[in-house]
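User: I am new to this structure and would like to discuss its charged side chains. Could you show it first, please?

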Amino acid sequence: ALIGSGGREHALCMSFKKSRNISKIYCFPGNAGTNLIAENVDLNLKNFQIIKEFIIEKNIDLIVIGPEEPLVDGLTDYLENQKIKVFGPNKLASQLEGSKIFTKKLCEKYNIPTAKFGFFNNFNDAENYLEKCNLPIVIKADGLAAGKGVYICENKKQSYHAIQEI
C-alpha cells in the first residue's frame, strides 16, 4: 500500500504496477491518477489505529509512506511497533524535512555546508537581521508547509512582505 495523494505517490504507484511481485496496490487516499492503477481508500491519515486495522484486514505486506506529515507525526514508528513492514523515515529522521530550524542547526553542529541563516520569532528581530543581508534572499517558515512557505525575495519590499506573512 502507498500512503499519499500527490504526484510523487502517483509515480511510485506506476513503478509498483510494473512489478510482477505486486498483485494488489492500495493508495491512502490516492488521487485520480492512482485510481487508474490502484484501489484508492479514503482513510484518515491522522488515525494510525484505523490505518493499522485496514492493513491487517487486507493482509498488506508493505506500506510506503510518501507525504511528510504522516512521517513527521510518527506513522513509520507506529507501524514498526505493530510489526508492520513500512518504508519511510522514522519520526526523528523526518525532522530534517519537518523543521528547517532542526536541519540548519544540524548542519551548523556538524559543519555541513549550508547558506547563512537566522531564526526569528518576531517581525522586529527578522527585520533587523534582514537589514544586514545581501539580496536576493530566501525566507522560509519553519515546519511543514506542504510545498509552500518559501519566499525568494529580490528586494526589501518582498522580504518584509514575506516575514509579515510568516
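Analyst: Glu 39 is partly exposed, with a relative accessible area of 34%; buried means under 20%, exposed over 50%, and partly exposed in between (1.4 Å probe, protein chains only). This is a predicted model: local features need pLDDT of at least 70, side-chain atom pairs count only at pLDDT 80 or more, and totals for chains, interfaces and linings use all residues. Residues are numbered from 1 along each chain as its sequence is written, and side-chain values use heavy atoms, with hydrogens and water left out.

User: Which side chain meets Glu 39 in a salt bridge?

Analyst: That of Lys 24, at 2.8 Å from N to O. A salt bridge is a side-chain nitrogen of Lys or Arg within 4 Å of a carboxyl oxygen of Asp or Glu.

User: How many salt bridges does the structure hold?

Analyst: It holds five. Another one joins the side chains of Arg 8 and Glu 68 (3.2 Å, N to O). Arg 8 lies in helix H1 and Glu 68 in helix H4, so this pair ties together parts 60 residues apart in sequence. Helices (H or I, at least four residues) are DSSP runs, numbered from the N terminus.

User: And what does Lys 46 pair with?

Analyst: Lys 46 forms a salt bridge with Glu 69, their closest N and O atoms being 2.5 Å apart. Lys 46 sits in the loop between S3 and helix H3, and Glu 69 in helix H4, 23 residues apart; strands are DSSP runs (E, at least two residues).

User: Is Lys 46 buried or exposed?

Analyst: Lys 46 is exposed, at 54% relative accessible area. Salt bridges with shared partners join Lys 46, Glu 69 and Asp 73 into one network.
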